[in-house]
Amino acid sequence: MSDLVDLRSDTLTQPTGAMRRAMADAPVGDDVYGEDPTVLELQERVAELFGHEAALFTPTGSMANVLAVRSVVAPGQEVLCESSAHIARAELGAHAVYNQVTMRTWTHPRGQVDLDAVRHLHAPDMGPFFVPTAAVSVENTHNFAGGAVTGIDDLRALRGWADEVGCAVHLDGARIWNAHVATGTSLRDYGTIADVLAVCLSKGLGAPVGSLLVGSTEAMTEARVWRKRMGGGMRQVGVLAAAGLYALDRHVERLATDHAHARLLAKACGVDPTTVDTNIVVLEHHDALGFVDAAAREGVRVSAVGPRTVRLVTHLGVDEAGARRAATVLARLVEAV
């Protein structure tokens, strides 16, 4: 239907006409040889934004995270993360399959860093008896915690502790752009707390494909080998990198509009809008799948992310009229319970 409002994910965005033209006009080369000028420009720019030496373009955020964790956690070591983190819940066990690492987790209702819990979980290298902790992974914003932002002060405290004990920090920054716009914290400040991070172009920024791994030159050189080994070597991929460059120029600050639309939806659904940090609203319902089906029949698509949990995600493809129409439909369904 023409008035369909799709709130299932911010990965559903379509490239704009101007973005498509930028893609069509992009100068390209063979990226496996490191000769695609548009990819090189994108990698240099993103590395600079986060204050790191280098970056590597990848086709997916999951691949970027796998390569990132691999760069700081050796086979047989462990990474600590929050229990609903994307690397633990939504990457199909890739870190066990490809990286041969284990995970232990702490739990926080908003996906935040619990430094006391991290200290308790941390295992130093004690010889051939226990799995040593090599890294702590944090997600910002936190997907399954409703797009919650982890504040820079908490991240700095984690970084300080990690330096003391010799532990690395991985940042899953798939939606770090949303955290940046919501808080005003600079991308460079976020970058300084991490040894390695992954950032996504195909969610809020609206590019059709692509993420980047960011870190040291040495780590990126090694990751390039593993990207190829995992089937991620790409050729004239500047046509996709161009979409990322376009998005960085034009689609970052507009994320504030998505955040406003999310708060509008939250209020309509009886969720305290002050608890909505960015572009994701989590709604509790006794029958999530039934709620999803009922909304779809009225032209609003939402996701069930648990038997009693519904997720709404605002994005570039949902304008104010769409957000208000969805709010009207969802408010009526919530009241019908």
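**Close-up views of a predicted model**

View A. The structure holds 1 cavity of 30 Å³ or more. The largest cavity contains about 50 Å³ of space. Its lining is made by C81, E82, A85, W106, G111, Q112, V113, S137, V138, E139, H142 and T150. By class, these lining residues are 5 nonpolar, 5 polar and 2 charged.

**View B. Strands at the largest cavity.** Two strands, β3 (78-82) and β5 (133-139), each give at least two residues to the lining of the largest cavity. The largest share belongs to β5, with 3 residues.

**View C. The largest pocket.** The volume of the largest pocket is about 330 Å³. Its lining counts 25 residues. Nearest the centre of the pocket lie G61, S62, H86, C200 and K203. The elements that contribute two or more residues to this lining are α3 (61-72) and β7 (196-200). Helix α3 contributes the most, with 4 residues. Sorted by class, the pocket lining has 9 nonpolar, 12 polar and 4 charged residues.

**View D. Helix α3 against helix α10.** Helix α3, which gives the most to the lining of the largest pocket, also packs on α10 (residues 217-229). The angle between the two is about 125 degrees, and their axes are 10 Å apart. The crossing of α3 and α10 is right-handed. On the α3 side, the contact uses M63, L67, R70 and S71. On the α10 side, A219, A223, W226 and R227 meet them. This contact comprises 5 nonpolar, 1 polar and 2 charged residues.

**View E. Helix α1 against helix α11.** Helix α1 (residues 17-24) packs on helix α11 (residues 238-250) at about 135 degrees. Their axes lie 8 Å apart. The pair α1 and α11 is therefore oblique. Here the crossing is right-handed. From α1, the contact residues are A18, M19, A22 and M23. From α11, they are V239, L240, A242, A243, Y246 and A247. The contact of α1 with α11 has 10 nonpolar residues, with no polar and no charged ones.

Methods. Residues numbered from 1 in each chain as written. Predicted model: local features only at pLDDT ≥ 70, side-chain atom pairs only at ≥ 80, totals over all residues. Heavy atoms only, no water. Axes fitted to C-alpha atoms, helices over the stretch in contact; angles between N-to-C directions. Parallel < 35°, antiparallel > 145°, perpendicular 65-115°, else oblique. Left-handed = near helix turned anticlockwise from the far one by under 90°. Contact = heavy atoms within 4.5 Å. Nonpolar A, V, L, I, M, F, W, Y, C, P; charged D, E, K, R; others polar. 1 Å grid on protein atoms, 1.4 Å probe; cavity = no way out; pocket = protein on both sides within 12 Å on 5 of 7 lines; lining within 4 Å. Points joined across faces, edges and corners; volume = space filled by probe spheres on them.
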